[in-house]
Amino acid sequence: MLNNIITSKDNPIIKLYQKLSSSKKDRVGYGLFVLEGLRIVEDAVRENGDISHLILTKNAAEKFGDTFFQADLRNAKAVVISNELGNKIAQTTQTQGVFAICRIPVGRKMIFRENGKYIVLFGLQDPGNAGMIIRTADALGMDGIIMSGSCDLYSPKVVRSTMGSIFRMNISIENDEELIFDTLRANGITTSASVIDTDAEIITQCDFSGGQAVFIGNEGNGLPCETAARCDRRITIPMCGSINSLNAAMAAGIVMWELSRSRRI
């Protein structure tokens, strides 16, 4: 493969990669998204992510080629590009020269489990927060994440921030609020709205046994009042001093710790 190195930015695979990197419309239209970095591409291979193209720079092919070329990539097409071209398509400052294009799962629906613990990201817009929450949910054993009216799950920054958890977590995208509540209640799941309100239940005093879903709202505005009112209860994280809010990913992490702790009590 090192005898057939792609050097042109006008190569169809390179042009496709760059389109998918920068445009949600193209990601949706093609049903594809991109990966960059050795670890996350390895995770995609290990977790049977549906890779359509593996792209390695010349340096990366010489260093990591045996790892990937001997893997079961099924229908993936592997190509080698020049190191200079790799630097042009990279979105990180010091690229490892390992890239991939993956197929977006079709009809990704939530799988509900008995006594499952779920997070609903409602109107979350920061890709870094979304990715960090997905990664934390994976670490703390959450059973699933529902994204509603939130940032693009398959944007490069979200994918990169998940550190591979996007391939392991049970994630669904559902923007119909009515359907979300109907489905959760049909599965016997108690819904909680995470809010900043001294009248809400203090999170450390909540009973999180049984099926639970906690709604996390927009970074700036929180949950809409109407959505919070539809939940079975409102919960809050008490804070000291003059601080009146937490970063959404930090708040979600505390919520998920309490959800996971309920399984150990």
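The legends below describe several close-up views of a predicted model. Residues are numbered from 1 along each chain as its sequence is written, and side-chain values use heavy atoms, with hydrogens and water left out. Because the model is predicted, local features need pLDDT of at least 70 and side-chain atom pairs count only at pLDDT 80 or more, whereas totals for chains, interfaces and linings use all residues.

**View 1. Helices α6 and α10 pack against each other.** Helix α6 covers residues 127-139 and helix α10 covers residues 248-261, where helices are DSSP runs (H or I, at least four residues) numbered from the N terminus. Their axes, which are lines fitted to C-alpha atoms over the stretch in contact, lie 9 Å apart at an angle of about 15 degrees, on a scale that runs from 0 to 180 degrees between N-to-C directions. This makes α6 roughly parallel to α10, a term for angles under 35 degrees. On the α6 side, Asn129, Met132, Ile133, Thr136 and Ala137 meet Ala248, Ala249, Ala252, Gly253 and Met256 of α10, contact being heavy atoms within 4.5 Å. The residues of this contact divide into seven nonpolar, three polar and no charged; here Ala, Val, Leu, Ile, Met, Phe, Trp, Tyr, Cys and Pro count as nonpolar, Asp, Glu, Lys and Arg as charged, and the others, Gly among them, as polar.

View 2. Ser194 belongs to strand β8, residues 190-194, a strand being a DSSP run of E with at least two residues. Leaving aside residues up to four places away in sequence, Ser194 touches Val214, Phe215, Ile216, Leu223, Ile235 and Val255.

View 3. Most residues other than glycine have a negative phi.

**View 4. Cys206 is in no disulfide.** A disulfide is counted when two cysteine sulfur atoms lie within 2.5 Å, and the count comes to zero. For Cys206 the nearest cysteine sulfur, that of Cys231, is 12 Å away, and Cys206 is buried at 12% relative accessibility.

Notes:
Buried means under 20% relative accessible area, exposed over 50%, partly exposed in between (1.4 Å probe, protein chains only). Angles under 35 degrees count as roughly parallel, over 145 as roughly antiparallel, 65 to 115 as roughly perpendicular and the rest as oblique.
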